[in-house]
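Please look over the structure below.

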Amino acid sequence: VQLAKTEYERNLPELSHALMSIVPAAEFDAIACVPSSEPEFLAPYRCAFQKLNPSAVDLSACLCRPPGTTSTDEVAPETRLRATLFAPPAEVPVVRRILIIDDVLDTGVSAAAAANSIRAKWPTVSSFGLACPVWIVHTK
């Protein structure tokens, strides 16, 4: 696992550029990175997106989890869905479409929690997109 993580970190600049180059950046008014215990993995994706769409609002700092909670907590998905909090910026821009960026897609709960939390405070948001470089496939 450590070898794979080291290799991922080494290739992060190329990976972030490659992923964001296939995202239709102009279709999104804003981006929001899910809260992560390793935000340094999300930063290159956020920067690559912002180069493609510099007018997009970055809502990443508006999302958080209560201290002591993580995306890997062994709790029911319903509990994890409520654990992500969104505090809209003081000056609320017009935002209709948000790209959510997650570092690892396992169950999808973190991305869903971010979307749910944003929609609860901003019902005018019409759609969400998801960009994620690592997708864990579970087999039986």
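Tyr8 and Phe41 are both buried, where buried means under 20% relative accessible area, exposed over 50% and partly exposed in between (1.4 Å probe, protein chains only). The model is predicted: local features need pLDDT of at least 70, side-chain atom pairs count only at pLDDT 80 or more, and totals for chains, interfaces and linings use all residues. Residues are numbered from 1 along each chain as its sequence is written, and side-chain values use heavy atoms, with hydrogens and water left out.

Rings of Phe, Tyr and Trp (its six-membered ring) pair if their centres lie within 6.5 Å; planes under 30 degrees apart count as stacked, over 60 as edge-to-face and the rest as tilted. By this rule there are two aromatic pairs.

| Pair | Centre to centre | Angle between planes | Type |
|---|---|---|---|
| Tyr8 and Phe41 | 5.5 Å | 70 degrees | edge-to-face |
| Phe86 and Trp122 | 5.5 Å | 45 degrees | tilted |

Tyr8 lies in helix H1 (residues 2–21) and Phe41 in the loop between E1 and H2, so this pair ties together parts 33 residues apart in sequence. Helices (H or I, at least four residues) and strands (E, at least two) are DSSP runs, numbered from the N terminus. Phe86 is buried, with a relative accessible area of 4%, and Trp122 is buried at 7%.

Now to strand E1 (residues 30–33). Ala30 and Ala32 point one way from E1, Ile31 and Cys33 the other way, and all are buried. E1 pairs in the parallel sense with strand E5 (residues 97–101) over four bridges; two strands pair if DSSP finds at least two bridges between them. Ala30 stands opposite Ile98 in E5.
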